[in-house]
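I opened my notebook to keep track of what I looked up in this model. The entries follow the order in which I went through them.

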Amino acid sequence: MRALVVDHSEAGPVRFADVDEPVPSAGEALVEIRHICLNSGELNYVDQWPAGAVHGHDAAGVVVRAASDGSGPPEGTRVAVGMAPHAWAERVAVSPASLGTVPEGVDLADAAALGIAGVTPFRVLRTRSLLARNVLITGASGGVGHFAVQLAALAGARVTALVGSPERAAGLRELGADKVLTDLTDLAETGDRFDLVLDTVGGPLVAQAWSSLAEGGTIHLVGYSSGQETTFPSGDLFGFGEPRSIATYGDMTPTGGELTDLLGLMAAGRLSAPVGLRGDWHDVGDAVQALFARKVHGKVVLDVS
């Protein structure tokens, strides 16, 4: 079968290859993949995976063979695959714990976009009550950011979305953002204090967000797309009152439960998938370059043909 595998050469980060058919264990379902979703992390840091390994974590398709131990969805079920290994192939053996059942009315391509980008903010935003709280989403025009804005708004938060340019601000108010900022200096000028910051950017922005953090507030670091270091001015990490905190994120536990919850929100029309680029997986090279050049607002979903 055909698959996208890790390529450490200059032609990389992935290439097509013929690979062996997966052999599911008793506790795995065999899924025929219809759509894959690219994530910048797995492509930017491809050196963390062995060359020639089937790459990718997020996809969607149809169960063609149920797990022989009776667990998981039956044959014919449409499923989203989230944070599972070796997902960018024509067929994948997957633990049911990494599958979410796709309800009628939800496009499989939209379901493929959930995975890392949907589950990450879902987990972070459930760590505290957000009702009538101020929440800042940085990098809000990206895949994680689009989902985070919607989920925070659904939870009753007052959402501020921060993006890198006016061009990247389009549509965020419609998703639930109360304010959309397009410049780092705007953050200090608002005078707002945030109870929760979900940061996908890293770099100097983290120090700026820290100065705008309310007592008892938390900055959750879920990405570092800027690639820049964070430096705190002397004394900024000292303060009186209820402690503020910075939390990292690295939850790689199975995503099936969260995927099912998110898919239910999509089926109810309360959550939309931020698919910014849709194409064929044979054009993966162009899609990767568009992603690296930050030309995509949202997620990249490719059809497996």
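**Entry 1**

I began with Glu258, which touches Val119, Phe122, Arg123 and Arg126, leaving out residues up to four places away in sequence; contact here means heavy atoms within 4.5 Å. This is a predicted model, where local features need pLDDT of at least 70 and side-chain atom pairs count only at pLDDT 80 or more, while totals for chains, interfaces and linings use all residues. Residues are numbered from 1 along each chain as its sequence is written, and side-chain values use heavy atoms, with hydrogens and water left out.

Is Glu258 buried or exposed? I got 12% relative accessibility, so Glu258 counts as buried. My cut-offs: buried is under 20% relative accessible area, exposed is over 50%, and partly exposed is in between, with a 1.4 Å probe and protein chains only.

Glu258 lies in helix H8. Helices (H or I, at least four residues) and strands (E, at least two) are DSSP runs, numbered from the N terminus. I listed the buried residues of H8 as Gly256, Glu258, Leu259, Leu262, Leu263, Leu265 and Met266. They pack against strand E5 (78-81), strand E7 (99-101), helix H2 (108-112), helix H3 (115-125) and H4.

I also checked the length of H8 (residues 256-267): at 1.5 Å a residue its 12 residues should span 16 Å, and the end C-alpha atoms are 16 Å apart, which agrees. The expected span is 1.5 Å times one less than the number of residues. Just after H8, I noted that Gly269 has a positive phi of about 75 degrees.

**Entry 1: nonpolar cores**

Next I looked at the cores, each a set of buried Ala, Val, Leu, Ile, Met, Phe, Trp, Tyr and Cys residues joined through side-chain atoms within 4.5 Å. The largest has 47 residues, and Leu114, Ile137, Val149, Leu172, Leu263 and Leu271 touch the most other members. Helix H4 (residues 143-154) gives the most to this core, with six residues.

I followed up Ile137: leaving aside neighbours within four places in sequence, its contacts are Gly145, Ala148, Val149, Val159, Thr160, Ala161, Leu162 and Leu198.

What is the strand order in the open sheet of six strands? I read E10-E9-E8-E11-E12-E13, with parallel pairing; two strands pair if DSSP finds at least two bridges between them. The edges are strand E10 (179-181) and strand E13 (245-248), each pairing on one side only. The twist averages 20 degrees from one strand to the next. Axes are lines fitted to C-alpha atoms, for helices over the stretch in contact, and angles run from 0 to 180 degrees between N-to-C directions.

I then zoomed in on strand E12 (residues 213-221), which four bridges join to E13, the two running parallel. Leu221 stands opposite Thr248 in E13. Helix H7 (residues 204-211) packs on the sheet and touches strand E8 (134-138), strand E9 (158-162), strand E11 (194-199), E12 and E13. The direction of H7 makes about 160 degrees with that of E12.

**Entry 2: aromatic pairs**

My rule was that rings of Phe, Tyr and Trp (its six-membered ring) pair if their centres lie within 6.5 Å; planes under 30 degrees apart count as stacked, over 60 as edge-to-face and the rest as tilted. I counted four aromatic pairs.

Tyr45 and Tyr224 have ring centres 5.8 Å apart and planes at 40 degrees, so I logged the pair as tilted. It links distant parts of the chain, with Tyr45 in the loop between helix H1 (40-44) and strand E4 (58-65) and Tyr224 in the loop between E12 and E13, 179 residues apart. Tyr45 is partly exposed at 30% relative accessible area, and Tyr224 counts as exposed at 53%.

For Phe238 and Phe240, the centres are 5.2 Å apart and the planes at 80 degrees, so the pair is edge-to-face. Phe238 is exposed at 58%, and so is Phe240 at 73%.

I found a cis peptide bond from Gly12 to Pro13, with omega near 20 degrees. Pro13 is in the loop between strand E1 (2-6) and strand E2 (14-18).

Met83, a residue other than glycine, has a positive phi near 55 degrees. Met83 sits in the loop between E5 and strand E6 (91-94) and counts as buried at 10% relative accessibility.
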